Amino acid sequence: MTDKFSKIAKRMKSNIIRELLKVTGKPGMISFGGGVPDPETFPRHEMAEISREILENEYRYTLQYASTEGDPILKEEFIALLKRENGIEGLELDNLLITVGSQSALDLVSKIFLDEDSIYFVSKPVYLGAASTFSLRSRQYVYMNLTEDGVDLDELEQSLEEIKTRGDIGKVKFIYVISNFHNPGGVTISLAKRKRLVEIAEKYDVLIVEDDPYGDLRYDGEPIDSIFKIGGKDRVLLLKTFSKILSPGLRLGVVIGNHDVIRKMVMAKQAADLCTPSLTQRLAARYLQRHDIMAQIKPTIALYKEKKDLMLAELEKNFGDMEGFHWTRPDGGLFIWFTLPEGFNTDEMLEMGKSENILFVPGIAFSLDDTCKNSMRLSFCLPPKNDIVEGVRRLKKVIMEYGKERNLL
Ligand SMILES: Cc1ncc(COP(=O)(O)O)c(C=O)c1O
């Protein structure tokens, strides 16, 4: 039967992070791999109480099909949250769509915008989940290199100009960016770059897809206006999620954008899954009504900040004086992007890591062209603090062994 698979199915590859998660549970293993939140941070007692209530009292809604657009109560609460926390005004219910996590929103974006010859822009390194759905539909991606303050916009503008000159500008569908604490890069797009990005998108009439799962997990510095707030809903499609502020198991994402785009996404979603589960939508809605979600994540922020600072300090201690080793210093989110000198291949090093009981995600997982081989993504959110210290020590052992074997050090 495998010969019957569609062209798209034949292009599908197993996700390396999902594979890694399988060995994460091995006794003694320390994982800097998956970017999953610490389960101790989920407000389980409050959620258990609301769950019982909405099952007993609101079963006509919670156990029934919901509308494809999403629970209106949740949408209202989210509009209020965006106004309160992000200063985003002027949204109506039909500017929002509730999806099964941001991942399904990314999939819907690729369904409604991408044909085989469509062109889109992504960062290098790129978020694996976005790359996997976009590239199934079109391989015509253009890279923007990641920089300390976001992405290289000179590169973006130059590429757009070249595409325009060859008469293909109509094929450019969107520019995909992660505004805060990039996955895997850890970097944040500066305010100046956000403004310039909007100007460039307006000049060439291209949509910006702003994916922002981590914006609320800020540990240092001041929040920056979202690209959506700067560019408005006709220029920017904003993707938010409950995964990192409440719980990923709820599988709730929110897409915010212009009515026409949202309406088309609703049509695509009808074909995909009819609706996002009513039960988790109402659970989140009642949670937002009763609890201050931003106050609830404060202990999480304090915990992750400590872990992040510890991992940065350990990296400094172990690699600070080694030439060619550098890493990003995120102000929030879950990830540090660690780059080794040319010649190191973190994909090859993974097996050595597994035998030393240390996991990381090889950089190649975040590229569409088998590059980023000398980098790796380190996640600091899940391991306890002792494990962060021990994990970096093991990482150093693997790096030293690999480097000496290949005369790289
Ligand atoms: C940048 C980015 N976008 C989207 C997602 C998907 O999140 P979810 O589907 O859980 O909302 C993630 C998850 O890690 C992510 O890092």
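1. Asparagine 345 caps the N-terminal end of helix α15, with a side-chain oxygen 3.0 Å from the backbone nitrogen of aspartate 347. Such a polar contact is a pair of N or O atoms within 3.5 Å; within protein, one must be able to donate a hydrogen and the other to accept it, and residues adjacent in sequence count only if both atoms are side-chain atoms. Helices (H or I, at least four residues) are DSSP runs, numbered from the N terminus.

2. The model is predicted: local features need pLDDT of at least 70, side-chain atom pairs count only at pLDDT 80 or more, and totals for chains, interfaces and linings use all residues. Residues are numbered from 1 along each chain as its sequence is written, and side-chain values use heavy atoms, with hydrogens and water left out.

3. Helix α15 spans residues 346–355, and its buried residues include Thr346, Met349, Leu350, Met352 and Gly353. Buried means under 20% relative accessible area, exposed over 50%, and partly exposed in between (1.4 Å probe, protein chains only). An α-helix has 3.6 residues a turn, so residues three or four places apart point the same way. After α15 comes asparagine 357, which has a positive phi, near 60°.

4. The ligand is surrounded by 13 residues, the closest being Ser102, Asp211, Tyr214, Thr241 and Ser243; the criterion is a heavy atom within 4 Å. By class, this shell holds four nonpolar, six polar and three charged residues. Ala, Val, Leu, Ile, Met, Phe, Trp, Tyr, Cys and Pro count as nonpolar, Asp, Glu, Lys and Arg as charged, and the others, Gly among them, as polar. Helix α6 (residues 101–113) supplies the largest share of the shell, three residues.

5. A backbone N or O atom of serine 102 is 2.7 Å from a ligand oxygen, and a polar side-chain atom of arginine 251 is 2.8 Å from an oxygen atom of the ligand. Aspartate 211 places a polar side-chain atom 2.6 Å from a ligand nitrogen. Of the 400 Å² of accessible area that the ligand has on its own, the protein covers 92% (Shrake-Rupley method, 1.4 Å probe).

6. Serine 51 is in helix α3 (residues 44–57). Its side chain reaches the backbone oxygen of methionine 47 at 2.6 Å. The C-alpha atoms of serine 51 and cysteine 381 are separated by 27 Å, the two residues being 330 apart along the chain.

7. Arginine 196 belongs to helix α9 (residues 191–203). Arginine 196 is classed as partly exposed because its relative accessible area is 27%.

Conventions
Helices (H or I, at least four residues) and strands (E, at least two) are DSSP runs, numbered from the N terminus.
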